[in-house]
Amino acid sequence: GDWWWYTVCDDGKIRILLGDATGHGAGPAMVTAAIGGVYRCVEREQDIPQLLTTLNKSLRQACKGDYWMTMSVVEICPQSKTLKWWSAGAPPIFILRKNGQIETLLESSRPLGSDDSPTLATFAIPITSGDRLLLFSDGLYEQLTRSGQPLGLRRLQQWFVEHRDAAIPDLRHRLVEWFESLREGPLSDDVTLVAIEFMDQGSPS
């Protein structure tokens, strides 16, 4: 049940969302479709906590607590060269700096639909030209490998650092090849990756 979207806001900010509904099959697929529809009705909302509260309320009303949805919301401001991240039970995100250092943003919070009022974690960090943002669903690092162990966040971090010079389109192809060479059996979950590179003046690509 993965879903992602992006919006170019009226003030020039760029917003990226990545959600993952619990479970597999038709139920989670319907949840992601419903949340996507609700978001498109309110995507001009500038207050991210209020936006997530609206999504949470819709999910609670529709699913009665039977389905939850983790959600990452990233807001990029090219003018101030800052990135803000809101997490509702979401996996960590990676910030790969131009110099090869990688930062992991992770905070404890609850998924949408699990409580009447969402508990959100928020980060704000500076960005510079050449930095990269890597958003992904948990299906990427929880997939079992041929060794019988999950791929894991540490191995994923190392791979991104080793391939930091790859162009973004090439990065996706290389990641798929690497992932397929390691995984054991069928996919255990949906896998989504959103990779963004910040260019001159903080504009993402």
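Student: Which residues of H1 meet H2, and which ones in H2 do they meet?
Tutor: On the H1 side you've got Val31, Ile35, Val38, Tyr39 and Val42, and they meet Leu51, Thr54, Leu55, Ser58, Leu59 and Cys63 in H2. Contact here means heavy atoms within 4.5 Å. The labels come from DSSP runs numbered from the N terminus, where helices (H or I) need at least four residues and strands (E) at least two.

Student: And by class, what's in that contact of H1 with H2?
Tutor: Nine nonpolar residues, two polar and no charged ones. For the classes, Ala, Val, Leu, Ile, Met, Phe, Trp, Tyr, Cys and Pro count as nonpolar, Asp, Glu, Lys and Arg as charged, and the others, Gly among them, as polar.

Student: Before I go on, what kind of model is this?
Tutor: It's a predicted model, where local features need pLDDT of at least 70, side-chain atom pairs count only at pLDDT 80 or more, and totals for chains, interfaces and linings use all residues. Residues are numbered from 1 along each chain as its sequence is written, and side-chain values use heavy atoms, with hydrogens and water left out.

Student: OK, back to the helices. At roughly what angle do the axes of H1 and H2 cross?
Tutor: Roughly 140°, and the axes of H1 (residues 26–42) and H2 (residues 48–63) come within 10 Å. That makes H1 oblique to H2. For the cut-offs, under 35 degrees is roughly parallel, over 145 roughly antiparallel, 65 to 115 roughly perpendicular, and the rest oblique. The axes are lines fitted to C-alpha atoms, for helices over the stretch in contact, and the angles run from 0 to 180 degrees between N-to-C directions.

Student: Is H4's crossing with H5 right-handed or left-handed?
Tutor: Right-handed. H1 passes H2 in a right-handed crossing too. A crossing is right-handed if the near helix is turned clockwise from the far one by less than a right angle, and left-handed if anticlockwise.

Student: Which residues make the contact between H4 and H5?
Tutor: Arg155, Leu156, Trp159 and Phe160 of H4, with Leu171, Arg174, Leu175, Trp178 and Leu182 of H5. By class, that contact has seven nonpolar, no polar and two charged residues.

Student: New topic: asparagine 56. Buried or exposed?
Tutor: Asparagine 56 counts as buried, because its relative accessibility is 1%. Buried means under 20% relative accessible area, exposed over 50%, and partly exposed in between (1.4 Å probe, protein chains only).

Student: Where is asparagine 56 found, and what does it touch?
Tutor: Asparagine 56 is in helix H2. Not counting residues up to four places away in sequence, asparagine 56 touches Leu112, Gly113, Ser114, Asp115, Asp116, Ser117 and Pro118. A polar atom of asparagine 56's side chain also lies 3.0 Å from the backbone oxygen of aspartate 116.

Student: Where's tryptophan 68?
Tutor: In the loop between H2 and E3. Tryptophan 68 is partly exposed, with a relative accessible area of 29%. Leaving aside neighbours within four places in sequence, tryptophan 68 has contacts including Asp20, Leu59, Arg110 and Pro111. Tryptophan 68 and arginine 110 are 42 residues apart in sequence, yet 9.2 Å apart in space, C-alpha to C-alpha.

Student: What about lysine 64, what's its phi near?
Tutor: Near 55°, a positive value in a residue other than glycine. Most residues other than glycine have a negative phi. Lysine 64 lies in the loop between H2 and strand E3 (69–77), and it's exposed, with a relative accessible area of 65%.

Student: And lysine 81, what's its phi near?
Tutor: Near 55°, again a positive value. Lysine 81 is in the loop between E3 and strand E4 (82–88), and at 37% relative accessibility lysine 81 counts as partly exposed.

Student: Last one: is glutamate 75 buried or exposed?
Tutor: Glutamate 75 is buried, with a relative accessible area of 7%. Glutamate 75 lies in strand E3, and leaving aside neighbours within four places in sequence, its contacts include Lys13, Arg15, Ile48, Lys84 and Trp86.

Terms used. A polar contact is a pair of N or O atoms within 3.5 Å; within protein, one must be able to donate a hydrogen and the other to accept it, and residues adjacent in sequence count only if both atoms are side-chain atoms.
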